[in-house]
Amino acid sequence: KMKIDKEIIIENIKTIFYAFVIAIVIRSLFIQPFYIPSSSMEPTLLIGDRLFVTKYSYGYSKHSFPFSPPIIRGRIFSSSPKIGDVIVFKTPADNRTDYIKRLMGLPGDQIQFISGDLFLNNNQILKSVTSKTDIIYCGKETIEVNTFKEKLPNGKIHNTVYLKNYSFQNSDIFTVPKKHYFFLGDNRDCSKDSR
């Protein structure tokens with residue numbers, strides 16, 4: 001009986017080890033679950049939403065793996081993201097915290113807000129109002145917003161919200177440096193993003 005118990009324990013340990021290895025491989029190379037902790041992407045993603053993100057869409061870097069080990073330099077099997085894609089990335093501030101935002105500028109692009117309207121390379125991003133009575137979150141507070149459908153130059157359409165008084169009215173021209181991207185939250189007046 002003692003021998004059988006020992007064999008069962010060893011088999012269970014092997015099973016747990018294999019399951020752990022398979023989970024790490026799937027999480028590193030294929031898909032990873034994420035939880036939305038903030039309101040910066042409302043109305044597209046709400047606080048508490050859970051989603052799966054593909055890991056292979058733009059290639060792999062050290063951040064593809066748990067704890068970001070320095071086993072890959074740069075990015076391999078890379079492909080370029082497109083304007084309008086919703087992307088999870090490590091914030092440059094600490095290179096550890098995951099952010100999820102919408103890609104709005106590629107290297108060399110110029111982005112500017114003028115009178116509350118968004119311009120990409122001197123072309124106004126078309127937006128049409130869909131609601132003037134929505135209430136969404138900004139942190140723990142609720143705010144009244146105007147909701148718009150924005151149409152990007154490549155034809156992608158998504159919803160955005162702006163405070164009724166457009167708190168982010170005007171900006172300098174943001175020129176995206178080489179090897180960098182410009183991200184905005186869909187909750188335009190309540191997002192910590194590339195601005």
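Guide: Two strands pair if DSSP finds at least two bridges between them. Strands (E, at least two residues) and helices (H or I, at least four) are DSSP runs, numbered from the N terminus. This is a predicted model: local features need pLDDT of at least 70, side-chain atom pairs count only at pLDDT 80 or more, and totals for chains, interfaces and linings use all residues. Residues are numbered from 1 along each chain as its sequence is written, and side-chain values use heavy atoms, leaving out hydrogens and water.

Visitor: OK. In what order do the three strands of the open sheet sit?

Guide: The order is 8-9-10, with antiparallel pairing. Strand 8 (126-138) and strand 10 (157-163) are the edges, each pairing on one side only.

Visitor: How much are neighbouring strands turned against each other?

Guide: By 30° on average, direction ignored; axes are lines fitted to C-alpha atoms, for helices over the stretch in contact, with angles from 0 to 180 degrees between N-to-C directions.

Visitor: And how many bridges join strand 9 to strand 10?

Guide: Seven, with strand 9 covering residues 141-151. Thr147, for one, has Val161 in strand 10 as its bridge partner.

Visitor: Switching topic: how many disulfides?

Guide: One, counting cysteine sulfur pairs within 2.5 Å. Cys138 is joined to Cys190, S to S 2.0 Å. Cys138 is in strand 8 and Cys190 in the segment after strand 12 (182-184), 52 residues apart, so the pair links distant parts of the chain.

Visitor: Why is the disulfide called right-handed?

Guide: Because the torsion about the S-S bond of Cys138 and Cys190 is about 95°.

Visitor: Is Cys190 buried or exposed?

Guide: Cys190 counts as buried because its relative accessibility is 16%, whereas Cys138 is partly exposed at 24%. Buried means under 20% relative accessible area, exposed over 50%, partly exposed in between (1.4 Å probe, protein chains only).
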